[in-house]
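We will walk through a few places together, one selection at a time.

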Amino acid sequence: MESNMSEQFVEIDNFGLELLENVDMMMEPQHSHEEVSSQEVLILIEKVILEIVTSLSKDEAPVLVLPNRSSWANVSFDNAVGLQMTSGSSVTTVRSNCSSSVTKFGHILKVLSIIYKLVQSNVYATKRDIYYNDTQLFGSQRTVDSIVDDISCMLKVPRRRLHVLATSKGFISGDLCYLEEDSTKVDCHSNSTATPVSSNVGGIRNIVSSAKFVLIVEKDATFQKLLDDDFCTKLSPCIMITGKGVPDVNSRLMVRKLWDTLHIPIFALVDADPYGIEIMCIYKYGSVAMSFEAHSLTVPSVMWLGLLPSDLQRLRVPEDALIPLTQRDQNKLTSLLKRPYLACQPAWQREMEIMQQNKVKAEIQSLASIAPDFLSRVYLPNKLRYGGWI
């Protein structure tokens, strides 16, 4: 049994050694703002307020200048980091004397004042707490979420250094123990239930794990199915994590934290469709909206384990389990193929071209049409044993 287990991980071990040889190249130095002190954060906020007061004293309408977080023109691609915001980014001007932006101006000032008090008193709050501080002013949670990210980008300070936390939607399970910032011990070994990803990943310490690899699972339903099938025990030691679709920042921070600490292979299991591929790209290369925090959110070593479009042919997945590509899918696929990071991923390009040619997509669950436990019993063990990732 012991030799069976060691054979099972030969390809993963070899790949892990390859990663370790290149780890210095992949471990880009963290930006100095990762270590910014609370005092420095207060000074940065005070500078913003001072500029507003100075404008008012000159009888001028105050203006806030924010980097544009939604434009591809403001992003450059670095193979070792992913998508990162360029220093000469185009900006959005938020004017206090313009009807289209005065509300946003007020929102930013309100959130800045809340953040200032949080940092000053060394207290943390969630974005939800900030919204409920004045629901009538903000109108929606989404407004607060966007403003907090704008402020983080404007001050060039990670959100956790602003003492603002987000409620996590992700889950994690497997060979992993750690301490939360408040010294609570977290053990993720349970077979039947998963552990919610921490709301303060930056505060996690004393990570202990013997895991050979990390498996990112796109969907919660697949994650739960693998838990039910006792996957983490069958392929022990390993760690599974899901961001339940498009990952929240905490799930991405957690994957990065595991990479920084353990330096083990990280594989992605996503639907064989354009949106699954995009989700995998967010973990690996980041997103335009959060490109200002790329150094702490991306893991360029992530590999695509499945579901590959070529697997659908190879495994003869029944036709009634395949779904025709919609026009929206085809547009997304075309857009993905133009992304700057695809140039250094010829194997990914080939898979996406297969999808384009066959005009079909498939969910991970389509493998159940071969056998109910095919995913956990056959597909994943074989992929991991024989190095079936790209």
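Here is the tour, starting with some ground rules.

This is a predicted model, with residues numbered from 1 along each chain as its sequence is written. Local features need pLDDT of at least 70, side-chain atom pairs count only at pLDDT 80 or more, totals for chains, interfaces and linings use all residues, and side-chain values use heavy atoms, with hydrogens and water left out.

**Stop 1: the core**

Select Phe213, Leu215, Phe231, Met254 and Phe267, the residues with the most contacts inside the largest nonpolar core, which has 88 residues. A nonpolar core here is a set of buried Ala, Val, Leu, Ile, Met, Phe, Trp, Tyr and Cys residues joined through side-chain atoms within 4.5 Å. Buried means under 20% relative accessible area, exposed over 50%, and partly exposed in between (1.4 Å probe, protein chains only). Helix 11 (residues 249-262) gives the most to this core, with 7 residues. Helices (H or I, at least four residues) and strands (E, at least two) are DSSP runs, numbered from the N terminus. Colour domain 1 (38-165) and domain 2 (168-386): the core draws at least three residues from each. These bounds come from an automatic or database domain assignment. For a second, separate core of 30 residues, pick Val119, Ile130, Tyr131 and Met154, which are among its members.

**Stop 2: strand 12**

Now show residues 214-217, which form strand 12. Val214 and Ile216 point one way, Leu215 and Val217 the other, and all are buried.

**Stop 3: helix 11**

Select helix 11 next: 11 of its 14 residues are buried, so it is largely enclosed by the rest of the structure. Among the buried ones are Asn250, Arg252, Arg256 and Trp259. Just after the helix, histidine 263 takes a positive phi of about 50 degrees.

**Stop 4: threonine 167**

Finish in the loop between strand 6 (164-165) and strand 7 (171-174), where threonine 167 lies. Is threonine 167 buried or exposed? It counts as exposed, at 59% relative accessibility. Threonine 167 touches Ser199, Asp248 and Asn250, again not counting residues up to four places away in sequence.

Methods. Contact = heavy atoms within 4.5 Å.
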